[in-house]
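Let's take a walk through this structure together, one stop at a time. Have the sequence and the 3D view open as you read.

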Amino acid sequence: MKKILITGGAKRLGAALVEKFHEKGHQVCFFYNTSVLSASELEKKLLGTKAIHCNLRETNSIEEAYNQAENFFGLPDVLINNSGIFPPAKKVEDISEEDWDTAFDVNLKGHFFISKAYYTSLKLNNKRGRIINIASLGGVEIWDNKIQYNVSKSGLVTLTKAMARNMAPSVSVNCISPGSLDLSQASTYEDSPYISAERIPMLRHGNAQDIFEIVDFFANCTDYITGQNIIVDGGFNLI
């Protein structure tokens with residue numbers, strides 16, 4: 001049994017990951033911010049899980065939430081940085097400073113500071129752990145009118161490699177970049193696919209199980225695998 005800490009675990013992919021790790025018998029703690037009702041319902045549904053409020057835009061909130069997680073089940077074996085936002089499409093001239101800062105705070109800054117807290121604790125306790133970042137196909141491709149999303153997710157891919165280099169050997173750090181997901185195929189956690197399945201070589205959208213299998217792989221594989229980014233998109237990036 002592993003101790004799994006998941007950020008952004010109240011809804012959609014994060015909630016599906018919480019449920020799937022719980023089903024496998026692991027101890028799961030997850031962070032949420034604004035999704036109070038969803039977090040409460042998930043915690044009640046999955047007995048033994050723990051929901052903790054955390055605003056990933058604020059380092060004080062991150063530190064407090066991480067300490068609560070350790071108080072709940074000790075040092076995590078795996079940290080999954082799943083939190084993220086997919087902002088509405090905007091042209092360059094319409095992107096505000098707040099638009100930019102929000103995307104970078106949630107999609108990048110928060111991931112670093114929760115990872116820093118985890119890494120620091122591992123070092124203090126002479127333990128080893130794993131970090132898994134959930135990026136996006138948008139981190140390796142450029143999409144129309146999604147500049148702050150593309151750059152923040154690209155930064156997360158680079159952050160994965162930088163942390164893998166600088167946190168070794170205490171932590172193995174890897175990344176997953178999902179393509180278009182239709183989570184309603186595999187669970188009640190719905191997300192809207194943005195492209196037609198006919199445009200994807202595998203002729204379907206991804207689902208929660210597709211992503212979970214790679215997350216589970218990184219959570220259990222040799223720690224000699226580090227600094228990697230696996231694209232899970234049914235081959236869409238090959239077109």
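At what angle do helix α4 and helix α5 pack, and how far apart are their axes? Keep in mind that what you're looking at is a predicted model. Helix α4 covers residues 97-124 and helix α5 covers residues 147-167. The two pack at an angle of about 15 degrees, with their axes 8 Å apart. Angles under 35 degrees count as roughly parallel, so that's what we call α4 and α5. If you look at how they pass each other, the crossing of α4 with α5 is right-handed.

Now zoom in on the residues where these helices meet. On the α4 side you'll find, among them, Trp100, Phe104, Leu108, Phe112 and Tyr119. On the α5 side, the residues include Ile147, Tyr149, Val151, Leu156, Leu159 and Met163. Sorted by class, the contact of α4 with α5 has 13 nonpolar, seven polar and three charged residues.

Helix α1 spans residues 12-23, while helix α6 spans residues 208-220. Here the packing angle is about 60 degrees, and the axes are 10 Å apart. That makes α1 oblique to α6. The crossing of α1 past α6 is right-handed.

Who meets whom here? From α1 come Leu13, Ala16, Leu17, Lys20 and Phe21. They meet Ala208, Gln209, Ile211, Phe212, Val215 and Asp216 in α6. By class, this contact of α1 with α6 has eight nonpolar, one polar and two charged residues.

Follow the chain on from α1 and you come to His26, in the loop between α1 and β2 (27-32). Is His26 buried or exposed? Its relative accessible area is 13%, and the cut-off for buried is under 20%, so His26 is buried. Its side chain reaches the backbone nitrogen of Lys2 at 2.9 Å. Leaving aside neighbours within four places in sequence, His26 is in contact with Met1, Lys2, Ile4 and Phe21. You've seen Phe21 already: it is one of the α1 residues that meet α6.

Our last stop is Val36, in helix α2, which runs over residues 36-45. Val36 is partly exposed, with a relative accessible area of 48%. To finish, find His53 as well: Val36 and His53 are 17 residues apart in sequence, and 8.2 Å apart in space, C-alpha to C-alpha.

Terms used:
Residues numbered from 1 in each chain as written. Predicted model: local features only at pLDDT ≥ 70, side-chain atom pairs only at ≥ 80, totals over all residues. Heavy atoms only, no water. Helix = DSSP H or I, 4+ residues; strand = E, 2+ residues; numbered from the N terminus. Buried < 20%, exposed > 50% of the residue type's maximum accessible area, 1.4 Å probe, protein only. Polar contact = N/O pair within 3.5 Å; in protein donor to acceptor, adjacent residues only side chain to side chain. Contact = heavy atoms within 4.5 Å. Axes fitted to C-alpha atoms, helices over the stretch in contact; angles between N-to-C directions. Parallel < 35°, antiparallel > 145°, perpendicular 65-115°, else oblique. Left-handed = near helix turned anticlockwise from the far one by under 90°. Nonpolar A, V, L, I, M, F, W, Y, C, P; charged D, E, K, R; others polar.
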